[in-house]
Amino acid sequence: YARSWLRARVPALAASTASLYATTIEAHILPALGDLFVDAITRDDVVAWRDSQPGAPITVNGRLRVIRTIFGDAVAEKAAPHDPTHRVAALREPRDEDDHKVMTARELGALLAALRETSPKWYPLALMLATTGMRWGEATALRWEDVDEAAGVIRIRRSMLAKTKATL
């Protein structure tokens, strides 16, 4: 079911999302649960699967979100009578005061100053990424017609990643 679920959704997904789903299904879900029919998988199976997953809690929780999405759709499509992921708790993700996922304003300023000095050709791209929230694939796929200087607008219409298809 997981493979057919993904094949049906690939056309509507960003290539990077499709690739993440395909990798999660092939490397993590099917090896443990692939021999079971979708309607035979229990909550205990999902908990055991979650607890056997390698990686940091944030990584395991990402995989759990994928399997929850699959089962949510399976129930909606009546391919499964119940959702065995329902009420399976995510792993606790420890928060450390020194463990930041984003740079502070001071760190970003230092990085941009260093880039401006040591790699001036990369500075404009880094500044744009830092000030717009644009992703690398979006920024590198920009064309001049995407930029409206008069209006102060950059339109994101494509991504470099969208040019590659996920392998299923």
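Me: How many residues line the largest pocket, and which lie nearest its centre?
Reply: The lining of the largest pocket has 14 residues, and Tyr1, Ala2, Leu30, Leu33 and Leu36 are nearest the centre. A pocket here is an open set of points on a 1 Å grid over the protein atoms alone, where a 1.4 Å probe fits, with protein on both sides within 12 Å along at least five of seven lines; lining residues have an atom within 4 Å of a point.

Me: What should I know about the model itself?
Reply: It is a predicted model, in which local features need pLDDT of at least 70 and side-chain atom pairs count only at pLDDT 80 or more, while totals for chains, interfaces and linings use all residues. Residues are numbered from 1 along each chain as its sequence is written, and side-chain values use heavy atoms, with hydrogens and water left out.

Me: Which α4 residues are buried?
Reply: Val60, Asn61, Arg63, Leu64, Val66, Ile67, Ile70, Phe71 and Ala74 are buried, meaning under 20% relative accessible area with a 1.4 Å probe and protein chains only; over 50% is exposed, and in between is partly exposed.

Me: What covers them?
Reply: The cover includes α1 (2–9), α2 (15–33) and α3 (43–52), judged by contact, that is, heavy atoms within 4.5 Å.

Me: New topic: how many aromatic pairs are there?
Reply: The count is two, taking rings of Phe, Tyr and Trp (its six-membered ring) with centres within 6.5 Å; planes under 30 degrees apart are stacked, over 60 edge-to-face, and the rest tilted. Trp5 and Tyr21 form a tilted pair, because their ring centres are 5.5 Å apart and their planes stand at 35°. This pair links distant parts of the chain, as Trp5 in α1 and Tyr21 in α2 are 16 residues apart.

Me: Is Trp5 buried or exposed, and what about Tyr21?
Reply: Trp5 is buried at 2% relative accessibility, and Tyr21 is buried with a relative accessible area of 17%.

Me: Where does Lys78 lie, and what is its phi?
Reply: Lys78 lies in the loop between α4 and α5 (105–118), just after α4. Its phi is positive, about 60°, although Lys78 is not a glycine. With a relative accessible area of 73%, Lys78 is exposed.

Me: And where is Arg87 found?
Reply: Arg87 is in the loop between α4 and α5, with a positive phi near 70°. Arg87 is exposed, at a relative accessible area of 69%.

Methods: Helix = DSSP H or I, 4+ residues; strand = E, 2+ residues; numbered from the N terminus.
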